[in-house]
Amino acid sequence: MTNKKTKIFALIVLILLGLATFAYQKVKQFADRPINVSSETIFTLPAGTGRVVLETLLIDKKLMKPNPWFPWLLRLEPELSEFKAGTYRFEKGMTVRQMLELLKSGKEAQFSVRFVEGFKLSDWMKVLDKSEYLKHELSGKSDEDIAAALGATDTKNVEGWLYPDTYHYTAGMTDLSLLKRAHVRMEKTVADIWKGRMDSLPYKTPADMVTMASIIEKETAVKDERPEVASVFINRLRIGMRLQTDPTVIYGMGDKYTGNITKKDLETPTPYNTYVITGLPPSPIAMPGEASLQAAAHPAKTPYLYFVADGKGGHTFSTNLENHNKAVRVYIEALKNKNEK
């Protein structure tokens with residue numbers, strides 16, 4: 001009798017071991033199965049989410065079909081259930097295990113926003129407003145409100161004082177936090193460049209240099225000629241000649257600018273119209289990049305007082321009005337020939 005019971009017990013143990021092995025293999029196979037993602041997918045895991053709620057979320061979003069092995073996987077490997085709240089990026093081919101390991105790691109999806117050189121603050125705000133997964137605290141705020149939020153105590157407008165670059169963020173970060181990073185970086189960059197600037201430049205403050213850099217930024221996209229463009233404006237400032245640069249007129253026109261500048265626009269006074277005012281405008285007209293800041297701090301030493309587009313992407317520089325007018329006629333002719341083709 002004892003021998004018979006022993007055999008039965010042994011048989012039960014074998015059956016249980018077999019079932020356990022079968023279940024274990026099924027769990028492993030499930031863990032190695034790809035989740036239902038055909039392309040990159042963003043998934044947000046709310047705070048306080050437990051095992052059951054996670055499974056429900058994955059099923060509701062059709063990332064996984066109902067499967068009895070999911071809770072068993074979390075029981076067999078409890079470390080996989082230590083997931084952290086956040087927004088994650090699921091890639092095509094990612095397995096259930098890889099997904100759980102990602103949720104455990106807390107490595108949230110990184111998003112990016114590109115702030116372009118030469119854009120205005122209003123342009124940057126439009127970019128921020130369209131940025132997904134970003135918390136918008138500055139939407140609809142005035143320039144003065146934005147400056148105050150950034151802690152800019154010496155100006156009511158941070159135009160020109162945000163560093164153009166690509167900035168990365170995770171879901172839930174604020175637009176204010178991104179602009180603060182850009183503002184701090186620009187302040188440091190300006191301070192460093194100001195310290196190493198060329199002697200005897202006609203600037204009273206670092207803000208003057210930033211304003212000059214913003215004009216250079218708007219006048220040319222050719223990095224190598226920026227010091228020459230800077231030299232023209234520096235030479236004009238030194239002799240009291242008006243800068244007469246169209247981008248300042250456009251900035252002063254604000255929403256009235258529709259794509260063309262008329263003679264009346266050039267003659268209409270605004271604080272920024274350098275055809276009317278002498279010297280620099282009261283503040284920057286765009287966000288300058290570092291190359292333009294360096295050009296403003298280290299202009300080329302030239303006798304130039306004029307420049308005009310050459311129709312090839314660059315500019316023709318002149319020392320006198322006669323040669324400048326000739327260069328203007330060449331440019332107009334080049335445009336005419338281009339339009340006729």
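Helices H2 (residues 51-60) and H3 (residues 69-76) cross at roughly 140 degrees, and their axes come within 11 Å. Angles over 145 degrees would count as roughly antiparallel. H2 is therefore oblique to H3. This is a predicted model. The chain is assigned three stretches: domain 1 (25-105), domain 2 (110-190) and domain 3 (199-340).

**Helix pair H2 and H3**
- The crossing of these two helices is right-handed.
- On the H2 side, the contact uses Arg-51, Leu-54, Glu-55 and Leu-58.
- On the H3 side, Phe-70, Pro-71, Leu-74 and Arg-75 take part.
- An α-helix has 3.6 residues a turn, so residues three or four places apart point the same way.

**Helix pair H8 and H9**
- H8 and H9 pack with axes 10 Å apart, at an angle of about 130 degrees.
- That angle makes H8 oblique to H9.
- The crossing of H8 and H9 is right-handed.
- H8 brings Met-212, Ile-215, Ile-216, Glu-217 and Glu-219 to the contact.
- H9 meets them with Arg-226, Val-229, Ala-230, Phe-233, Ile-234 and Leu-237.

**The largest nonpolar core**
- This core holds 54 residues.
- Val-158, Leu-162, Leu-179, Tyr-203 and Met-212 have the most contacts inside it.
- Elements supplying at least two residues each include strand S3 (111-114), strand S4 (166-169), helix H5 (121-129) and helix H6 (143-149).
- Helices H7 (175-195), H8 (206-219), H9 (226-239) and H12 (290-297) also each supply at least two.
- H7 gives the most, with eight residues.
- Domain 2 (110-190) and domain 3 (199-340) each provide at least three residues of this core.
- In soluble globular proteins, nonpolar side chains tend to be buried together.

**Tyr-203 and its contacts**
- Leaving out residues up to four places away in sequence, Tyr-203 touches Trp-194, Asp-208, Met-209, Met-212, Ile-234, Leu-280 and Ala-296.
- Met-212 and Ile-234, two of these partners, also take part in the contact between H8 and H9.

**The second core and helix H4**
- A second, separate core has 25 residues, among them Val-27, Leu-80, Leu-100 and Leu-102.
- Helix H4 spans residues 96-105.
- Its buried residues are Val-96, Arg-97, Met-99, Leu-100, Leu-102 and Leu-103.
- Just after H4, Gly-106 has a positive phi of about 75 degrees.

**Thr-170, in a loop**
- Thr-170 sits in the loop between S4 and H7.
- Its relative accessibility is 18%, so Thr-170 counts as buried.
- The cut-off for buried is under 20%.
- Thr-170 is in contact with Glu-108, Ala-109, Gln-110, Phe-111 and Tyr-133, leaving aside neighbours within four places in sequence.

**Leu-321 and distances across the model**
- Leu-321 is found in helix H13 (residues 321-340).
- At 45% relative accessibility, Leu-321 counts as partly exposed.
- Leu-321 and Asp-175 are 146 residues apart along the chain, and 47 Å separate their C-alpha atoms.
- The centres of domain 1 and domain 3, taken over C-alpha atoms, are 57 Å apart.

Notes
Residues numbered from 1 in each chain as written. Predicted model: local features only at pLDDT ≥ 70, side-chain atom pairs only at ≥ 80, totals over all residues. Heavy atoms only, no water. Core = buried A, V, L, I, M, F, W, Y, C linked by side-chain atoms within 4.5 Å. Buried < 20%, exposed > 50% of the residue type's maximum accessible area, 1.4 Å probe, protein only. Helix = DSSP H or I, 4+ residues; strand = E, 2+ residues; numbered from the N terminus. Domains from an automatic or database assignment. Contact = heavy atoms within 4.5 Å. Axes fitted to C-alpha atoms, helices over the stretch in contact; angles between N-to-C directions. Parallel < 35°, antiparallel > 145°, perpendicular 65-115°, else oblique. Left-handed = near helix turned anticlockwise from the far one by under 90°.
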